[in-house]
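Trainee: I would like to learn how to read aromatic and core packing in a model. Could we work through one case?

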Amino acid sequence: MTVDRLIRGCYPAPGAWSTFRNERFKINSATPDDRDDLGPGVLEVTKRSVRVGTGRGSLLLGRVQAQGKKPMQAADWARGVQFVPDESLGE
């Protein structure tokens with residue numbers, strides 16, 4: 001998957017990033033996922049994982065770093081954010 005390779009290629013500097021609620025955050029690691037039921041940028045959050053849709057398939061986010069915070073597991077970040085249904089990245 002192209003996005004997975006881009007994230008790995010940009011780590012540690014300059015870093016791959018996206019926006020969520022108009023705040024930038026870094027994506028330090030992600031793993032391609034076989035499922036393709038999410039639209040681009042759409043998030044699926046469970047207790048143990050965060051999946052984001054791409055143009056081709058989806059990614060399981062590994063470690064992320066919110067603006068002004070230390071790197072953390074995506075599931076930990078998601079617990080602190082308190083998602084609203086139908087939110088997506090890049091807005």
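**Rings, core and sheet**

Mentor: Start with a charge over a ring: Arg24 lies over the face of Trp17, at 4.0 Å from the ring centre. Bear in mind that this is a predicted model.

Trainee: How many aromatic pairs does a search of the whole structure find?

Mentor: Four. One of them joins Phe20 and Phe83, with 5.2 Å centre to centre and 55° between the planes, a tilted pair. Phe20 lies in strand β1 and Phe83 in the segment after α2, so this pair ties together parts 63 residues apart in sequence.

Trainee: Which geometry do the rings of Trp77 and Phe83 have?

Mentor: Planes over 60 degrees apart count as edge-to-face. The planes of Trp77 and Phe83 stand at 80°, with the centres 5.7 Å apart, so the pair is edge-to-face. Ring pairs link Phe20, Phe25, Trp77 and Phe83 into a cluster.

Trainee: Is Phe20 buried or exposed, and what about Phe83?

Mentor: Buried means under 20% relative accessible area. Phe20, at 6%, is therefore buried, and so is Trp77 at 7%. Phe83, at 22%, counts as partly exposed.

Trainee: Which residues touch the most other members of the largest nonpolar core?

Mentor: Phe20, Phe25, Leu61 and Trp77, out of 19 residues. The largest share, four residues, comes from α2.

Trainee: In what order do the strands of the open sheet run?

Mentor: Strands of a sheet pair through backbone hydrogen bonds, either parallel or antiparallel. Here the order is β1-β2-β7-β8, with antiparallel pairing. β1 and β8 are the edge strands. Five bridges join β1 and β2, and Phe20 stands opposite Glu23 in β2.

Definitions and conventions: Residues are numbered from 1 along each chain as its sequence is written. This is a predicted model: local features need pLDDT of at least 70, side-chain atom pairs count only at pLDDT 80 or more; totals for chains, interfaces and linings use all residues. Side-chain values use heavy atoms; hydrogens and water are left out. A nonpolar core is a set of buried Ala, Val, Leu, Ile, Met, Phe, Trp, Tyr and Cys residues joined through side-chain atoms within 4.5 Å. Buried means under 20% relative accessible area, exposed over 50%, partly exposed in between (1.4 Å probe, protein chains only). Helices (H or I, at least four residues) and strands (E, at least two) are DSSP runs, numbered from the N terminus. Two strands pair if DSSP finds at least two bridges between them. Rings of Phe, Tyr and Trp (its six-membered ring) pair if their centres lie within 6.5 Å; planes under 30 degrees apart count as stacked, over 60 as edge-to-face and the rest as tilted. A charge sits over a ring if NZ of Lys or CZ of Arg is within 6 Å of the ring centre and within 35 degrees of the ring normal.
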